[in-house]
Amino acid sequence: MAMKSRALFVVALLAFNCGWVQAQSLADVARAEEARRQDVAKAKKVYTNNDLKPDSSRPAPPPAAAGAAKPDTAKPAAATAASAAAPAEGQGQARDQAYWTDRIGEARSQLERNRAFATALQNRIDMLWTDFVNRDNPVERSAIERDRNTALAELDRLKKEMDEQVKGVAAIEEEARRAGVPAAWLRPS
């Protein structure tokens with residue numbers, strides 16, 4: 001019996017070494033996967049706003065303020081986002097999807113950074129207050145109180161700045177709405 005199991009083991013070992021059982025190398029697997037992904041990428045259609053038909057049921061945007069009226073303000077009722085993609089007078093930059101997405105994204109990210117900073121600052125103020133209460137040495141307490149007052153002043157300044165940034169984001173959204181920009185261009189990605 002032992003002889004048969006040894007013979008089977010030797011036959012299996014020879015079969016493996018001779019190539020009867022072929023295993024793929026990692027490089028072969030990677031090449032096959034890369035080829036598959038390229039085939040999938042070639043078959044994929046990317047839709048842009050230019051592929052979409054304008055919505056004729058959408059009402060025209062409200063007229064601009066009287067001081068900002070231009071002589072060529074007559075637009076058809078089926079105005080689309082293409083009007084927002086035209087360069088604005090004096091700016092030289094196309095107001096396309098990238099423009100609006102970048103503009104609103106930058107304003108929102110700055111607001112989020114300031115919110116995170118305000119939270120960290122509030123944590124520091126709380127820590128300083130705890131440290132102040134637990135100290136008996138008047139010199140240490142005065143130094144901690146000075147740091148705490150500085151942090152409180154910075155937090156107040158930051159809150160005012162955040163209020164202005166919230167108004168700025170709302171102003172960008174309103175400007176985009178008036179320009180007929182699709183809401184999807186302003187959504188966070």
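1. Helix α4 spans residues 97-133 and packs against α5 at an angle of about 160°, with the axes 9 Å apart; axes here are lines fitted to C-alpha atoms over the stretch in contact, and angles run from 0 to 180 degrees between N-to-C directions.

2. This is a predicted model, in which local features need pLDDT of at least 70 and side-chain atom pairs count only at pLDDT 80 or more, while totals for chains, interfaces and linings use all residues. Residues are numbered from 1 along each chain as its sequence is written, and side-chain values use heavy atoms, with hydrogens and water left out.

3. The contact of α4 with α5 comprises 21 nonpolar, four polar and 13 charged residues, where Ala, Val, Leu, Ile, Met, Phe, Trp, Tyr, Cys and Pro count as nonpolar, Asp, Glu, Lys and Arg as charged, and the others, Gly among them, as polar.

4. The chain has five helices and zero strands (DSSP runs numbered from the N terminus, H or I of at least four residues for helices and E of at least two for strands).

5. The mean pLDDT (the predictor's confidence in each residue, from 0 to 100) is 76 for the chain, and 66% of the residues score at least 70. Confidence is highest in helix α5 (residues 138-178), at a mean of 93, and lowest in helix α3 (residues 82-85), at 44.
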